[in-house]
Amino acid sequence: MCNLKAIIIAGATMLCSVGAVAQEESSIEGGYLAEAQELGYLPYSYNFIQVQGGFGVTLTDVKPCKILSPTYSFAVGRMFSPIIGTRLHVNGWKSTGGFDEYIYHGNQRMVNSPSVLKYKFSYINTNLDMMVNVFNIFSKKVHRTFDIYMIGGIGLNYAWHNKEFDGIVSQYEVGSDIKNAWGPNQNLKKNLLSHNLRLGLLADINIAKHWSIGAEVDFNSLDDRFNSKYKDADDWMLTGQLSITYKFGFKDAPAPQAPVVTPAPVYQETK
């Protein structure tokens with residue numbers, strides 16, 4: 001997992017450097033003036049509002065399919081050029097944690113005990129993300145039906161309302177090293193805040209001038225305390241969401257310039 005965290009940090013750094021170079025190299029003169037005149041507007045820059053919904057799962061010792069939870073997102077942002085953009089992204093709802101293969105009474109597995117003991121808690125992620133349009137790095141044609149964006153960001157996570165965890169720990173023997181990382185009875189409120197590092201991909205389909213639909217997959221690195229259990233390693237959340245994006249703030253394309261006609265010289269006959 002340490003290697004995956006290093007990959008996320010390196011990926012976010014690469015996005016920043018690629019975006020900085022791309023910002024310098026992309027302009028109307030760089031090649032999409034003809035596209036803009038054909039469309040009737042400049043395809044970049046623009047603002048956008050985005051809503052998303054899907055599922056998220058914390059990668060732990062429990063099989064992901066058993067603790068899959070719905071998740072929702074809202075974002076506002078701006079594409080500054082055909083390649084680089086940013087967004088403020090808020091994601092959250094409920095996350096599910098659990099214990100699997102840890103429910104014992106003495107040395108024997110408890111009879112009639114559930115295969116997975118689940119508990120739910122609330123969370124919210126607020127991230128500042130950088131977006132890089134992968135296709136536009138290599139192509140002079142900047143307006144197309146299908147785009148892919150690399151996503152890299154950093155932010156904060158807040159988790160709360162985990163009363164079910166203490167009930168499970170007190171009722172079942174789930175391991176001597178298991179304790180509530182948020183503190184007994186959630187008294188240690190300072191432990192509820194965490195970092196959030198993100199690396200992901202967004203596939204987006206432009207269906208109209210102002211609208212697109214897409215699908216996004218993100219890896220999120222969170223503090224070890226996120227799912228209430230200490231494991232001496234960061235917690236990881238994988239999210240997959242469908243999105244609807246409304247784009248606005250386009251500028252009109254410059255009118256084609258009339259060709260400059262140089263008048264033919266007039267010669268006068270001399271007598």
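In which strand does Asn 127 lie?

Asn 127 is part of strand 7, which covers residues 116–133. The structure is a predicted model, and the values below are computed from its atoms. Asn 127 has a relative accessibility of 1%. Because the cut-off for buried is under 20%, Asn 127 counts as buried.

The side chain of Asn 127 takes part in polar contacts with two named partners. With the side chain of Asn 196 the distance is 2.7 Å, and with the side chain of Asp 129 it is 3.5 Å. Leaving aside residues up to four places away in sequence, Asn 127 touches Arg 87, Leu 88 and His 89, then Gly 153, Ile 154, Gly 155 and Leu 156, and also Asn 196 and Arg 198.

## The cavity

How many cavities of 30 Å³ or more are there? The count is 1. The volume of the largest cavity is about 70 Å³.

Its lining consists of Tyr 46, Phe 48, Gln 50, Met 79, Met 131, Tyr 149, Leu 202, Asp 204, Ser 212, Thr 245 and Lys 247. Sorted by class, 6 of the lining residues are nonpolar, 3 are polar and 2 are charged. Strand 2 supplies 3 residues, the largest share of this lining. At least two lining residues come from each of strand 2, strand 9 (193–206) and strand 11 (235–248).

## Backbone around Ser 45

Ser 45 sits in the loop that runs between strand 1 (41–42) and strand 2 (46–59). The peptide bond leading from Tyr 44 into Ser 45 is cis, and its omega is near 5°. For context, most peptide bonds are trans.

Ser 45 can also be placed relative to Ile 83. The two are 38 residues apart in sequence, while their C-alpha atoms are 9.9 Å apart in space. Ile 83 belongs to another loop, the one between strand 3 (69–79) and strand 4 (84–100). Is Ile 83 buried or exposed? Ile 83 is buried, because its relative accessible area is 8% and the limit for buried is under 20%.

## Positive phi values

Most residues other than glycine have a negative phi. Trp 93, in strand 4, has a positive phi, near 155°.

His 161 also has a positive phi, near 60°. His 161 is located in the loop between strand 8 (146–160) and helix 4 (163–171). With a relative accessibility of 43%, His 161 counts as partly exposed, because that class lies between the 20% limit for buried and the 50% limit for exposed.

## Aromatic pairs

The structure contains 12 aromatic pairs. One of them joins Tyr 44 and Tyr 46, with ring centres 5.6 Å apart and 35° between the planes, a tilted arrangement. Tyr 44 and Tyr 46 are both buried.

Which residues do ring pairs link into a cluster? The cluster is made up of Tyr 119, Phe 121, Tyr 123, Phe 165 and Phe 226.

Definitions and conventions: Residues are numbered from 1 along each chain as its sequence is written. This is a predicted model: local features need pLDDT of at least 70, side-chain atom pairs count only at pLDDT 80 or more; totals for chains, interfaces and linings use all residues. Side-chain values use heavy atoms; hydrogens and water are left out. Helices (H or I, at least four residues) and strands (E, at least two) are DSSP runs, numbered from the N terminus. Buried means under 20% relative accessible area, exposed over 50%, partly exposed in between (1.4 Å probe, protein chains only). On a 1 Å grid over the protein atoms alone, a cavity is a set of points where a 1.4 Å probe fits but cannot get out, and a pocket is an open set with protein on both sides within 12 Å along at least five of seven lines; lining residues have an atom within 4 Å of a point. Grid points are joined across faces, edges and corners, and a volume is the space filled by probe spheres set on the points. Ala, Val, Leu, Ile, Met, Phe, Trp, Tyr, Cys and Pro count as nonpolar, Asp, Glu, Lys and Arg as charged, and the others, Gly among them, as polar. A polar contact is a pair of N or O atoms within 3.5 Å; within protein, one must be able to donate a hydrogen and the other to accept it, and residues adjacent in sequence count only if both atoms are side-chain atoms. Contact means heavy atoms within 4.5 Å. Rings of Phe, Tyr and Trp (its six-membered ring) pair if their centres lie within 6.5 Å; planes under 30 degrees apart count as stacked, over 60 as edge-to-face and the rest as tilted.
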